[in-house]
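Hi,

Here is the structure I promised to pass on. Have a look at it first, and then read on for what turned up.

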Amino acid sequence: MNDNKKHDQDYFLIEKSINGDKMALEKLIKKHQDWIYNVALTFIGDREEALDIMQEVLIKVITNLSSFQRKSAFRTWLFRITKNHFLNMKRGKHERNTLTFEQFGQGIDNLSDESLNNYSYATENKLLIKEAKISCMKGMLLCLDREQRMIFIIGELFEFSDRVGSEIMEISKVNFRVKLHRAKEQLYNFMNNKCGLINKNNPCRCARKTAGFIKMGFVDPVNLHFQKNTINSINKIVEKKVERYKDEVVSEYQKIYQEHPFLKTPTDVLSVKKLLSTKAVRQTFNFE
């Protein structure tokens, strides 16, 4: 489906929703909620917090739907609301004691190397190691400040163009590219100096740290937060830019982040019907 058809479909659903069509609003939410959930999960690194944040964002989107003026794609408008919420929301448990890259690296160094073969878990070791890898990489992102994280997610992970990225962040295209470059530079320099996934000379190995992550509660061996309800990997979901930024190629760093799973919103925790029954939404659309 080309961009014009996708936009037309969104505009059609928005118009019907504003006019009181509950099914159209439900369809519009279902179409876009997985994107907000995955952005929130990457931004905050915790499944429960990501679900709470997603609901807060969706309520803001729904209750402000009539203010959408079609000056941009609906998803751009939606992500701008998401960005504003993320940058201004109260800090949750994972942001209260944020670490610098140096502190994060020291924490990894202090985590003892152990073989998973010394333990018995119901979940396969390879899945536990993958969970530890994803958890660690999302933890690295928390070392960036909120604006940097959001720009990295928009520009590097989901590959929005600088034109769209600048609209979402409400800054110039040049400023967006500069800020994206700085965020990548900080993150990837750390990975190059610490992460064994990138630099084989680095001693850190996911398989050796997984048991320590489980002991510290960063990985739940029973309930894998980053591998349930997988739709696909991020690199299979993103709509690739027609042209990449000048002189820029896909790096090994970007590849391993884009290999992370793109997850479906857990409907057992948050259903669209439940969301539409909230007081704020019912008052906005006069739903019975």
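This is a predicted model: local features need pLDDT of at least 70, side-chain atom pairs count only at pLDDT 80 or more; totals for chains, interfaces and linings use all residues.

A crossing of two helices is called right-handed if the near helix is turned clockwise from the far one by less than a right angle, and left-handed if anticlockwise.

Helix α3 (residues 47-63) passes helix α4 (residues 74-88) in a right-handed crossing. Their axes lie 10 Å apart, at an angle of about 125 degrees. On the α3 side, the contact is made by Ile 53, Glu 56, Val 57, Lys 60 and Val 61. They meet Phe 74, Trp 77, Leu 78, Ile 81, Thr 82, His 85 and Phe 86 of α4. Sorted by class, this contact has 8 nonpolar, 2 polar and 2 charged residues.

The second pair is α6 (125-141) and helix α9 (residues 173-194). Here the axes are again 10 Å apart, and the angle is about 135 degrees, which makes α6 oblique to α9. This crossing, too, is right-handed. Met 137, Met 140 and Leu 141 come from α6, and Leu 187, Phe 190 and Met 191 from α9. The makeup of this contact is 6 nonpolar residues, with no polar and no charged ones.

Several of these names come back in the largest nonpolar core, which holds 85 residues. Which of them touch the most other members? They are Phe 74, Phe 86, Met 140, Phe 158, Leu 187, Met 191 and Tyr 257. The helix that gives the most to this core is α2 (residues 22-44), with 12 residues.

Finally, take a look at helix α10 (residues 206-216), where Lys 209, Thr 210, Ala 211, Gly 212, Phe 213 and Ile 214 are buried. The cover over these buried residues includes α5 (101-110) and α6. Just after α10 comes Gly 217, with a positive phi of about 90 degrees.

Conventions. Residues are numbered from 1 along each chain as its sequence is written. Side-chain values use heavy atoms; hydrogens and water are left out. A nonpolar core is a set of buried Ala, Val, Leu, Ile, Met, Phe, Trp, Tyr and Cys residues joined through side-chain atoms within 4.5 Å. Buried means under 20% relative accessible area, exposed over 50%, partly exposed in between (1.4 Å probe, protein chains only). Helices (H or I, at least four residues) and strands (E, at least two) are DSSP runs, numbered from the N terminus. Contact means heavy atoms within 4.5 Å. Axes are lines fitted to C-alpha atoms, for helices over the stretch in contact, and angles run from 0 to 180 degrees between N-to-C directions. Angles under 35 degrees count as roughly parallel, over 145 as roughly antiparallel, 65 to 115 as roughly perpendicular and the rest as oblique. Ala, Val, Leu, Ile, Met, Phe, Trp, Tyr, Cys and Pro count as nonpolar, Asp, Glu, Lys and Arg as charged, and the others, Gly among them, as polar.
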